[in-house]
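Hi,

Here is the structure I promised to pass on. Have a look, and my notes follow below.

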Amino acid sequence: MSFLKLQGVIAKVVPGSIAAETGLVPGDKLLAVNEQPLQDIIDLSFSLAEEVIELLIEKTNGEQEIIEIEKEYDEELGIEFENAVFDQVRCCANQCIFCFVDQMPAHLRASLYVKDDDYRLSFLYGNFITLTNLTEQDINRIQRLHLSPLYVSVHTTDGQLRAQMVGSKKAANIMSQLTRLVESGIELHTQIVLCPGMNDGAVLEQTVRDLFQFQPHILSVAVVPVGLTQFRETCYPLRVFTAEEAANIIKKAEQWQQEYYRQSGSYFVYLADEFYLAAGYPVPADERYDGFPQLENGVGLVRKFLAEWGKDGVGNGSYTEPVYLDVVCGMSAEKILRPLLEAVKIPNLHIRLVPVANQFFGPHITVTGLLTGKDIAQCLLAQDGLRTGVIIPGVALRTGEDVFLDDMTLTELETHLKVPVRKAYFAKDLQSLLRRWQ
């Protein structure tokens, strides 16, 4: 028996787990369960519902063996895989006029250029998909396994305009695709990447109203502004929103929210934080985010931060010797952080907020999460005065690793600055570091 195309490469085996007891090690490959090949960890989760299972394993030396396991119904094997899909990640074949990957400079790590458009990663991790590469078999599987919710990049419900913006004729079928999914009971979170002069104004209004007709199966609509780097020589000509335009979008969104809340009890449509920061408007109150369904999309991060900061405060602290801490942020976060840090009164603690301009991607990119190690280092080294340590935003690091977008590590940044560098992911992390720097 041979399963050459479908294989899950084991990355980690939990000590003391069933997998460890059977002798599985990182590098072994899972080829099948109960003689059935697996496409992904979704298939695996259904296969593991049995109490007696047979694993077909290819060991690191190339030999194959069958391992029989008896376990409880809900007992985990204790395996983590290198990838969630065992065949191949579905890549995007579109040519979106606003694609951020197309605006990346050359010679970065390969993973930054991967444009996935895989419904499985949408279900598992909340990655946004366009639906343009779904086959009939894919749709049947989504329905059969009830893979819900999915995250869909809609951008506009005007089929002709969507085909132009996404760069695919298949994109024009968005309304019929959404209809088929919701009629199957699939719930959806959606997003609109808003481009001035393209899908804003009356087009945006129609798109939001079209999507609301699918309620309650469409759970949320996030409107995010197009992000433009300085590497756009061959890209479609686009611009960013002005402060006045951002303010007008906010006012319109508030009207929709009030209307939809009266009708459904949900505000339904949510704007990315960047609109409020660009317009100089306060971010909405906590309840206006309905539980923050699209936090990962930059919708409500500021409100969550402010709520967490105000919950406990920095508290009492004191240092016997002077401590000078630099707190790094992106340009757009400065107006949020500055009043908070200026209100911190801890004896002998001196805080300097250092907003870093994004030289790497260009001046239009102001979010903290896209700062690079080199830009942070250069900005800090240009600052005069004493420095005991530096606090950098954890959101600027690769998930689970101490590595920036430009592959500079946290350790390398410390070497450049010659002081300790610590990371803060949330408000409570920042408060703790300010209160007890070590």
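How many helices and strands does the protein chain have? There are 14 helices and 14 strands in the protein chain, counted as DSSP runs (H or I, at least four residues, for helices; E, at least two, for strands) and numbered from the N terminus.

Before you go further: this is a predicted model, so local features need pLDDT of at least 70 and side-chain atom pairs count only at pLDDT 80 or more, while totals for chains, interfaces and linings use all residues. Residues are numbered from 1 along each chain as its sequence is written, and side-chain values use heavy atoms, leaving out hydrogens and water.

On overall size, the C-alpha atoms of the protein chain fill a box of roughly 70 × 55 × 45 Å along the principal axes. Of its 438 residues, 49% are buried (under 20% relative accessible area, 1.4 Å probe, protein chains only).

F305, E308 and W309 in α10 meet A427, K428, L430, Q431 and L434 in α14, with contact meaning heavy atoms within 4.5 Å.

Contacts also say something about the whole chain: among those with a separation of 6 or more, 69% are between residues 24 or more positions apart.

Cheers

Note on methods: Buried < 20%, exposed > 50% of the residue type's maximum accessible area, 1.4 Å probe, protein only.
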